[in-house]
Amino acid sequence: MRKFFFSALIILLAISGEAQTKINVLANKPGAAIPSTMWGVFFEDINFAADGGLYAEMVKNRSFEFPTPMMGWRETRTSKEKGKYLIINQAAVNASNTRFARITVNAAKGEYILSNEGFRGMGFQKEKQYNFSVLLKTSSANNIKIYINLVNASGKVISSAAINNIAGDWKRYTSSIVTTDTAQRGKIQLVFEGQGEVDMDMVSLFPEDTWKKRPYGLRNDLVQMIADLKPGFIRFPGGCIVEGRELSNRYQWKTTVGDINDRKLIMNRWNVEFRNKLTPDYFQTFGLGFFEYFQLSEDLNAEPLPILSCGMACQYNSAEVAAMDELQPYIDDALDLIEFANGDITTHWGKIRNQMGHPQPFNLKYIGVGNEQWEAQYIERYKVFEKAILDKYPNIKIVAGSGPSAEGEYFNYAWKEFKQLKPALIDEHYYKPPEWFFKNANRYDNYDRKGPKIFAGEYAAHSKDTAISEGRNNWESALAEASFMTGLERNADIVEMASYAPLFAHVDAWQWRPDLIWFDNLQSFGTPNYYVQKLFSANKGTAVIPVLKDGIAISGKDSLYASAVVDKQTNELIIKITNIAPVANAVEFTIDGVKAVNKEVAVQELSAPDLYSFNTMAEPKVIYPAERTITAKGKKVLIEMKPRSFSVIRIKLL
Ligand code: AHR
């Protein structure tokens, strides 16, 4: 079908060589205001997005809480007598973090070593500082010294420090280490020297250079990638991760706040979700928990949008539901979260936020009830949540889900029911082939203007065209999304939020693709889809402007998709347009309803060698915005659009 679609276009346009299209932009007819939340991000801990990704901890299984307690660790000893470890489970010390390692040594330097492999290795930058910390306890005299070696993939030590004078009850020991070299897949070695016994827990290594230099914080480069998107909101923590495979595996925000030593680890559902992508070392330590999500949203001036379990486990997995008469703890989680975010510091949860260093409220406005739920069991539970939340917090905007598909039985049923209820927004998800996005760019043109607003909460074009680009973030997928997004923008009166999903993927540890941003342990790169998102968001504007051909919105006709906004702060008109044809198009815009426009017009353009091209770590800019200036003639702006390209045109109004 897709082949036919493109072949037909090629034949039609190849006849004329280059198309020419005349378009009118009604600059004096501003329509709906663009919501500040229009373009946001969807964050889920999938593909090592949190542990092993945004959360900058470099030690995997730092507290021996993985079901296989020494997963990620390796013991090296010259003989059995030199040293040994024993994993002790003692809930009395810390009920959330029950295990620690007891190390007994009688070794000279190098004879007993415990090393940790990190998350597919550890990335060390040359001449950068790394902060090591560990909890230690001894109950007997010892002369143990622990050397902290950072080594590269071949085992060469690229920096070292030591900890000694270990004595007494549990205490944090710290050391800062500066590297002499870069290592892509390094690791950390704890080299024990001396005689005695020491208990060890929470072995940790962080780069000094975290986001805002916060200790135990987030990876600076990855936060910067999000910041550059200027997101209007951050949706967290997912996704299916909200629901869990079973209820016991659901995301429970209360276990993710407070001291990191007390945050109880659980299995990440993506650990076992795909048989061909099993990831046995994927867990959630919650070092990136709800406080950090709120803090990040605040840092980036984005509305926080938490999505909570509504008492339903993933319906693709166990489909387990909490009994209706046992739903209260789930409802309490929602009400308490609002108190945690917004409550006065004298309230129970407001006090905890204050103790974590944030006396001011986070000003939470939105809350999601359930992720991809469907059928009557969802509506039944949703109603109880809606009543409880709105009774106590009438100004909170509730986001309800329409299920996993963009149409069909579950979707229609959800919409029918929600029209009778009071969600402020309906979350719609579409992971579809590129041609679906082209065909559905006008999806919202005829939506009911009196119903709930739309949150396009998870979307991505999934391209399957060639073996090499299958599932990749190729140009075809990005062009399809850009075309579709002109429809979102045109309908900003009902589309209040939109986010591509998922956000992140580790190149060596992903379970799902395509994804917006790819990273390894040292670097990251933006996909073409990332640049599409960025171009929309950075050129958000303040009100929709009609862009018409022969009086009709441009949504596929002549292979063009277009939308426009005005930015009243800068007095600029901003046009976004895709040309999906395999031939160029000389597009002439007439800017109606203004006195004049500035001669110099700025254009940012995305195009690609072919539809199946994509960016990689080695070649991150195959598809990258190119900037140029064109000249307006009077109120006319003529732009030569390349075949299969996307342009953002900024025109200063005079
Ligand atoms: O984005 C990946 C997954 O897709 C999300 O967890 C889920 O909501 C959807 O099915």
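Begin by selecting the largest cavity, which holds about 110 Å³ of space; a cavity here is a set of points, on a 1 Å grid over the protein atoms alone, where a 1.4 Å probe fits but cannot get out, and its volume is the space filled by probe spheres set on points joined across faces, edges and corners. This is a predicted model, in which local features need pLDDT of at least 70 and side-chain atom pairs count only at pLDDT 80 or more, while totals for chains, interfaces and linings use all residues. Residues are numbered from 1 along each chain as its sequence is written, and side-chain values use heavy atoms, with hydrogens and water left out.

Of the 14 residues lining the largest cavity (lining residues have an atom within 4 Å of a point), those closest to its centre are Arg-62, Ser-63, Glu-65, Arg-263 and Leu-265. Because domain 2 (41-58 + 210-541) and domain 3 (73-207) both give residues to this lining, the largest cavity lies between them; the domain bounds come from an automatic or database domain assignment.

Next, select Arg-250, Tyr-251, Gln-252, Trp-253, Leu-308, Ser-309, Tyr-330 and Asp-333, which line the second largest cavity, whose volume is about 70 Å³.

Now move to helix α2, residues 220-227, where Leu-222, Val-223, Met-225, Ile-226 and Ala-227 are buried, meaning under 20% relative accessible area with a 1.4 Å probe and protein chains only. Helices are DSSP runs of H or I of at least four residues and strands are runs of E of at least two, numbered from the N terminus. The buried residues of α2 pack against several elements, including α4 (290-299), β21 (504-506) and α11 (528-538). Select α11 in turn: 9 of its 11 residues are buried, so α11 is largely enclosed by the rest of the structure, and Tyr-530, Tyr-531 and Phe-536 are among the buried ones.

Finish at Thr-76 in strand β3, residues 73-77, which at 36% relative accessibility counts as partly exposed, the class between buried and exposed (over 50%). Leaving out residues up to four places away in sequence, Thr-76 touches Glu-111, Tyr-112 and Ile-113.

Methods:
Contact means heavy atoms within 4.5 Å. On a 1 Å grid over the protein atoms alone, a cavity is a set of points where a 1.4 Å probe fits but cannot get out, and a pocket is an open set with protein on both sides within 12 Å along at least five of seven lines; lining residues have an atom within 4 Å of a point.
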